[in-house]
Amino acid sequence: MSEQIKTHRDLIVCQKSFVAGKRIFELSKAFPREEMYSLTDQMRRSSRSVSANIAEAWRKRRYEKHFCSTLNIAEAEAAETQVWIEYASVHGYLDAETTKQAIEFYDEILRMIVAMIYGSSKWCVDFKLGVKGSGVKESGENYIIENDCPVLDQQLLLAPTSPTLTSERSDA
């Protein structure tokens, strides 16, 4: 089911990473006080950085390399958050089930980010040409913001193995 994506808030991966960041904040409230300026702070920062970098990548989508580079940062922050979750678990701050759920949730976010990177040409917009070469120019009266919003099926990003990854690798 394809839909027009107007802002980063419309991205499922951004929504999921925002929810994950909120959950990490709630979980980390129970961490010991001596972890306040180390594990707690690092875990909160990296988890919040995922959605912030996805939002930034969305605004950089007129330059495919910038888009991919910023998504790579979001990917790294998500992986870093997983490491902090594992540290919290081994120190007994998180139970096994909570740890497993959090790691799996970040695995899903990571799959989505990687699929966006591999399929970056679908997500990026040439603002001088408009979406998919519609001919809409950036300057003048003909500029229409809706023409810069791709229409994509984000549900494909939720698949355990993205068709984007499979199709791009088979072409190589």
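This report walks through the fold, the nonpolar core and a few side-chain arrangements of a predicted model.

## Ground rules

Because the model is predicted, local features need pLDDT of at least 70 and side-chain atom pairs count only at pLDDT 80 or more, while totals for chains, interfaces and linings use all residues. Residues are numbered from 1 along each chain as its sequence is written, and side-chain values use heavy atoms, with hydrogens and water left out.

## Overall layout

The protein has 6 helices and 2 strands, and along the sequence they run β-α-α-α-α-α-β-α. Here helices (H or I, at least four residues) and strands (E, at least two) are DSSP runs, numbered from the N terminus.

Of the 172 residues, 43% count as buried; buried means under 20% relative accessible area, exposed over 50% and partly exposed in between, with a 1.4 Å probe and protein chains only. The protein exposes about 9,700 Å², and carbon and sulfur atoms supply 53% of that (Shrake-Rupley method, 1.4 Å probe; for residues, only the protein chains shown count as cover). As for contacts (heavy atoms within 4.5 Å), take those with a separation of 6 or more: residues 24 or more positions apart account for 70% of them.

## The nonpolar core

The largest nonpolar core holds 35 residues, and L11, I54 and I113 have the most contacts inside it. Such a core is a set of buried Ala, Val, Leu, Ile, Met, Phe, Trp, Tyr and Cys residues joined through side-chain atoms within 4.5 Å. Helices α1, α2, α3 and α4 are the elements that each give two or more residues to this core, with α4 providing the largest share at 9 residues.

Who does I113 meet? Leaving out residues up to four places away in sequence, I113 touches V13, V50, I54, L71, A74 and E75.

## Two aromatic pairs

There are 2 aromatic pairs in the structure. Rings of Phe, Tyr and Trp (its six-membered ring) pair if their centres lie within 6.5 Å; planes under 30 degrees apart count as stacked, over 60 as edge-to-face and the rest as tilted. F31 and Y93 have ring centres 5.4 Å apart and planes at 40 degrees, so this pair is tilted. The two are 62 residues apart and link distant parts of the chain: F31 is in the loop between α1 (12–28) and α2 (36–59), and Y93 is in the loop between α3 (64–90) and α4 (96–118). F31 counts as buried at 7% relative accessibility, whereas Y93 is partly exposed at 22%.

W84 and Y87 make a tilted pair too, with 5.8 Å centre to centre and 35 degrees between the planes. They sit 3 residues apart in helix α3, so about one helical turn separates them. W84 is buried at 19%, while Y87 is partly exposed at 43%.

S46 lies in helix α2 and is buried, with 1% relative accessibility. Its side chain makes a polar contact of 2.8 Å with that of T81; that term covers a pair of N or O atoms within 3.5 Å where, within protein, one must be able to donate a hydrogen and the other to accept it, and residues adjacent in sequence count only if both atoms are side-chain atoms. Beyond four places in sequence, S46 touches E77, E80, T81 and W84.

F67, in helix α3, is likewise buried at 1%. Setting aside neighbours within four places, F67 contacts A57, W58, K60, R61, M116, S120, W123 and C124.
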